[in-house]
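Please read it with the model open beside the text.

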Amino acid sequence: MSELITTGVDIGSGCIKTVVFKVNGDKTEWLGKETARIRNRDPFQLTTEAYDSMLKNAGVNAKDVAYVASTGDAENLKFATGHFYSMTTHGRGGLYLNPEARAVLDIGALNGRAIRMDGSGKVLSYKMTSQCASGSGQFLENIARYLGIAQDEIGSLSMKADDPEKVSSICAVLAETDVINMVSRGITASNILKGIHVSMAVRLAKLLKSIGAVEGIVQVTGGLALDTGLVAALNEAAEQEKVNLVAVANPDSIYAGAIGAALWGAYRHEKLARLGQAA
């Protein structure tokens, strides 16, 4: 396989992620990355701006990119060469971030998904949460706003809990009502957040269990991967569900989908090139 430049573009519900790689056989070099919060802006225009900025900062000319791989909600991206499903890209991206992982838990703005894969990144089983938003980043963002705290404080505050308050409802609307009642009863933000994390983690642990992910490392990806309180709650929930799973995060977990897209794009490009030569 000859050396090539490939890029990955992942449009999520709340954020755009782009990456650029140099690939030569089994050797990969991550050259650049860029994120942008959508915030009611045109996602495709924002993607173009983020993509161009990434290439410029990486010192890569757009004409030298052999394959532009899209994923997530980027299926209609005009400058993409091809599109890959999110379960495929997060599986491969999770494996890149942690070669020992055999499962990925992608927790985004609107839902969560559990993915089990083999050592090559091939998806073996997959399942998403229901449409209810109570297991999502948007739900936590709404709760943080109500509590008057910044999103990046959620994890550290949750870790300080000394008496987590149980959140009984899995419905986002009813859970938010629970939180209002908790505040009126003087429950601390730490104990409220820990209770929410526990509720989310139990649901997500059951999701992993339902796809046969019952042992080994789970790479957490998506916007909530860096929520230390949620990752800690996931590991507690794994013990509760009697599965031998260890949830881990990576500083670059948010890029997992884009990474997987770029790497699968390189694979597809080489495969098409071989077929062309054979023809």
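The points below go through sheets, cores, aromatic pairs and backbone angles in turn.

1. Basis of the note. This is a predicted model, in which local features need pLDDT of at least 70 and side-chain atom pairs count only at pLDDT 80 or more, while totals for chains, interfaces and linings use all residues. Residues are numbered from 1 along each chain as its sequence is written, and side-chain values use heavy atoms, with hydrogens and water left out.

2. Helices (H or I, at least four residues) and strands (E, at least two) are DSSP runs, numbered from the N terminus. Two strands pair if DSSP finds at least two bridges between them. Five strands make up an open sheet with mixed pairing, in the order 3-2-1-4-5. Strand 3 and strand 5 are its edges, each pairing on one side only. Strands 4 and 5 run parallel and are joined by two bridges. Across this pairing, Ser70 stands opposite His83 in strand 5.

3. The hairpin. Strand 7 (residues 112-117) and strand 8 (residues 123-128) pair in the antiparallel sense, over five bridges. Arg116 stands opposite Ser125 in strand 8. The two strands form a hairpin with five residues between them, and Gly121 in the turn has a positive phi of about 95 degrees.

4. Strands 9 and 10. Strand 9 (residues 215-221) pairs with strand 10 in the parallel sense, again over five bridges. Val248 in strand 10 is the bridge partner of Gln219. Between these strands the chain passes through helix 7 (residues 228-240), and this β-α-β crossover is right-handed (with the strands pointing away from the viewer, the path from the first strand over the helix to the second runs clockwise). Strand 10 (residues 244-248) has a covered face with Leu245 and Ala247, and an uncovered face with Asn244, Val246 and Val248. In a regular strand, side chains alternate between the two faces of the sheet.

5. The largest core. A nonpolar core is a set of buried Ala, Val, Leu, Ile, Met, Phe, Trp, Tyr and Cys residues joined through side-chain atoms within 4.5 Å. Buried means under 20% relative accessible area, exposed over 50%, and partly exposed in between (1.4 Å probe, protein chains only). Which residues touch the most other members of the largest nonpolar core? In this core of 40 residues they are Leu105, Ile107, Ile196, Leu208 and Leu234. The elements that each supply at least two residues include strand 6 (103-107), helix 3 (137-147) and helix 5 (172-184). Helix 6 gives the most, with ten residues. Leaving aside neighbours within four places in sequence, Ile196 is in contact (heavy atoms within 4.5 Å) with Phe139, Leu140, Ile143, Val167 and Val179.

6. The second core. A separate core of 17 residues has Ile11, Ile16, Met54 and Val60 among its members. In soluble globular proteins, nonpolar side chains tend to be buried together.

7. Aromatic pairs. Rings of Phe, Tyr and Trp (its six-membered ring) pair if their centres lie within 6.5 Å; planes under 30 degrees apart count as stacked, over 60 as edge-to-face and the rest as tilted. The structure holds seven such pairs. The ring centres of Trp30 and Tyr96 are 6.2 Å apart and the planes are at 75 degrees, so this pair is edge-to-face. It links distant parts of the chain, with Trp30 in strand 3 (residues 27-37) and Tyr96 in helix 2 (residues 86-97), 66 residues apart. Trp30 is partly exposed at 22% relative accessibility, and Tyr96 is partly exposed at 25%. Tyr67 and Phe84 form a tilted pair, 6.4 Å centre to centre with 50 degrees between the planes. Tyr67 is buried at 4%, and Phe84 is buried at 8%.

8. Around Trp30. Phe21, Trp30, Tyr96 and Tyr255 form one aromatic cluster. The charged end of Lys33 sits over the ring of Trp30, 5.3 Å from its centre (NZ of Lys or CZ of Arg within 6 Å of the ring centre and within 35 degrees of the ring normal).

9. Positive phi. Most residues other than glycine have a negative phi. Asn40 has a positive phi of about 65 degrees; Asn40 lies in the loop between strand 3 and helix 1 (43-58) and is exposed at 85% relative accessibility. Lys242 has a positive phi near 60 degrees. Lys242 is in the loop between helix 7 and strand 10, and is exposed, with a relative accessible area of 76%.
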